[in-house]
Structure formats: structure tokens, C-alpha cells
Amino acid sequence: MWNVLELLFPAKCPVCGALLGRDRQGVCDGCRSRLPEVTEPSCRRCGKPIADEEEEYCMDCGKRDSILEQGTALWVYTDAMRRAMADFKYQGCLPDGDFYGQEILRKRGGLLYCWNPDCIVPVPLYWRRRWFRGFNQAAYVAGVVGRHTGIPVLEDALLRTRSTRPQKGLNDRERKENIKDAFAVNPRWLERLSICRSILLIDDIYTTGATLEACGTALRNAGVEKIYFICLCTGSDC
């Protein structure tokens with residue numbers, strides 16, 4: 001029997017919006033085959049697709065030293081994925097988050113095994129934005145990954161200490177300035193983090209990496225040795 005939530009919020013494909021059957025989860029068959037998956041060649045540091053297979057790094061990673069050990073993403077940030085991410089974040093489509101978390105496990109489970117993080121830390125929202133949306137999309141996906149792997153999720157290990165402008169539309173210099181000193185480690189987790197060998201950051205969208213670098217700096221200052229990350233979508237240098 002269908003419950004009230006299933007009637008009010010029926011499962012739908014996160015990409016095209018088509019309703020799915022009651023026993024169907026994730027994405028419709030047509031969209032699964034068209035999802036813009038990240039493939040090789042890709043940047044060896046952030047996982048962003050690059051045009052030249054002889055290059056090791058994307059344009060952003062090639063011109064800076066990074067606090068981050070390595071990262072990856074599942075899909076290229078196309079118009080279809082832009083709409084999907086917006087539905088997840090702004091329309092409260094939480095079943096989409098279950099799908100995204102499961103796809104991380106399905107597509108990047110091998111990397112997770114190799115990285116062997118001590119805990120998972122989602123990139124935080126500023127408290128006002130978190131309150132307005134009702135949830136943090138990165139924390140929701142992190143929770144799915146944590147439940148299936150047994151890796152502890154420290155949802156509030158990182159705090160966003162001030163409101164920042166959306167990174168979209170800002171140039172490199174503006175992105176760095178916008179996010180500078182915007183993250184801090186929650187004092188209640190300082191002792192726990194100081195003994196962590198490695199941490200996995202989870203976020204929804206990777207563009208230049210400025211946000212993750214700022215998060216990584218706060219974690220490194222707390223004593224974390226290695227910081228990895230997985231994002232749902234990434235830009236492309238192709």
C-alpha cells in the first residue's frame with residue numbers, strides 16, 4: 001500500500017523528471033544511458049575531464065599547489081545535470097539524494113576502498129541557508145554513503161562561519177576572496193579530527209576547487225593528514 005509521502009512526493013527521474021514506478025529507484029532507463037559520466041582522460045588530482053591525454057592536470061590544478069590529496073566526480077556538469085542539482089537542492093527532492101549516494105558507491109567504491117577515510121565530512125552551508133532549505137544536500141548524500149559503508153559521518157565537523165556569495169559567475173580571484181576564511185573546524189570535533197589520518201569531503205558541484213581548498217585548509221590546520229573528495233558533478237576542460 002502506498003503511504004502518504006509516496007502519494008504526495010512520487011519518485012521521479014532526477015534528470016528528466018519522469019515519474020518512476022513504485023518499485024523503481026534512481027533514474028529512468030533512458031536517462032541512465034545518457035548521463036554525462038566523467039571518463040578518461042581526466043585530471044589526476046581533481047578528476048575533471050581534460051582534452052589532452054598526455055596532460056596530467058586540468059588548467060586549475062596545473063597552476064596551483066593543492067591542500068587536497070585527490071578527488072573525483074561522477075558526472076560532467078551539463079545543462080541536464082544543472083537542472084537535476086537544482087531540483088535536489090531547491091525543491092527538496094531527497095530521493096534524488098539516495099540515488100546520488102548509491103551512485104557514488106557503485107561508481108567510486110574502489111576509490112573509497114583505496115583511500116580508506118577515517119570519516120566523511122560534508123561541505124557545510126551557512127546556517128541561514130541551511131535553515132531556509134531545510135537540509136544540506138552534501139550532508140544528505142554523505143549520510144547515504146556513510147550508512148552503506150560504515151564510515152562515520154561528522155556532519156558538523158566543518159562550520160561555515162559567514163555567508164558567502166554564490167561562486168557561480170565569479171572569476172578565480174573573486175572565488176578565492178569570496179570563500180577566504182569562510183570555514184572553521186567545529187571545536188567539539190577538534191580532538192577527533194587531530195587523530196584522523198584521512199578524511200573524505202563530499203560536495204555537489206566542483207568548478208575550480210576554491211571551496212574544497214578552503215575546507216581542506218581548515219581541516220589540515222586541525223591536524224588531518226590527507227584530504228580526499230568526491231563531488232557529484234564537475235566542470236570540464238574539454
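Me: In what order do the four strands of the open sheet stand, and is the pairing parallel or antiparallel?

Reply: Two strands pair if DSSP finds at least two bridges between them. Strands (E, at least two residues) and helices (H or I, at least four) are DSSP runs, numbered from the N terminus. Here the order is E1-E6-E5-E2, and the pairing is parallel. The model is predicted: local features need pLDDT of at least 70, side-chain atom pairs count only at pLDDT 80 or more, and totals for chains, interfaces and linings use all residues. Residues are numbered from 1 along each chain as its sequence is written, and side-chain values use heavy atoms, with hydrogens and water left out.

Me: Which strands are the edge strands?

Reply: Strand E1 (70–76) and strand E2 (119–122). Each pairs on one side only. From one strand to the next, the twist averages 20°.

Me: How many bridges join E5 to strand E6?

Reply: Eight, with E6 spanning residues 226–234. The two strands run parallel. Take Tyr-206: its bridge partner in E6 is Thr-234.

Me: Which strands does helix H4 touch?

Reply: Contact means heavy atoms within 4.5 Å. Axes are lines fitted to C-alpha atoms, for helices over the stretch in contact; angles run from 0 to 180 degrees between N-to-C directions. Helix H4 (residues 79–90) packs on the sheet and touches E1, E5 and E6. The direction of H4 makes about 110° with that of E5.

Me: What volume does the largest pocket have?

Reply: On a 1 Å grid over the protein atoms alone, a pocket is an open set of points with protein on both sides within 12 Å along at least five of seven lines; a cavity is a set where a 1.4 Å probe fits but cannot get out. Lining residues have an atom within 4 Å of a point. Grid points are joined across faces, edges and corners, and a volume is the space filled by probe spheres set on the points. The largest pocket has about 720 Å³.

Me: Which residues lie nearest the centre of the largest pocket?

Reply: Lys-89, Gln-167, Lys-168, Asp-204 and Ile-205, out of 31 lining residues. H4 gives the most to this lining, with five residues.

Me: How many cavities of 30 Å³ or more are there?

Reply: One. The largest cavity has a volume of about 30 Å³. Its lining includes Phe-88, Val-141, Asp-204 and Leu-232. Helix H7 (137–149) and strand E5 (198–206) are the elements that give two or more residues to that lining.
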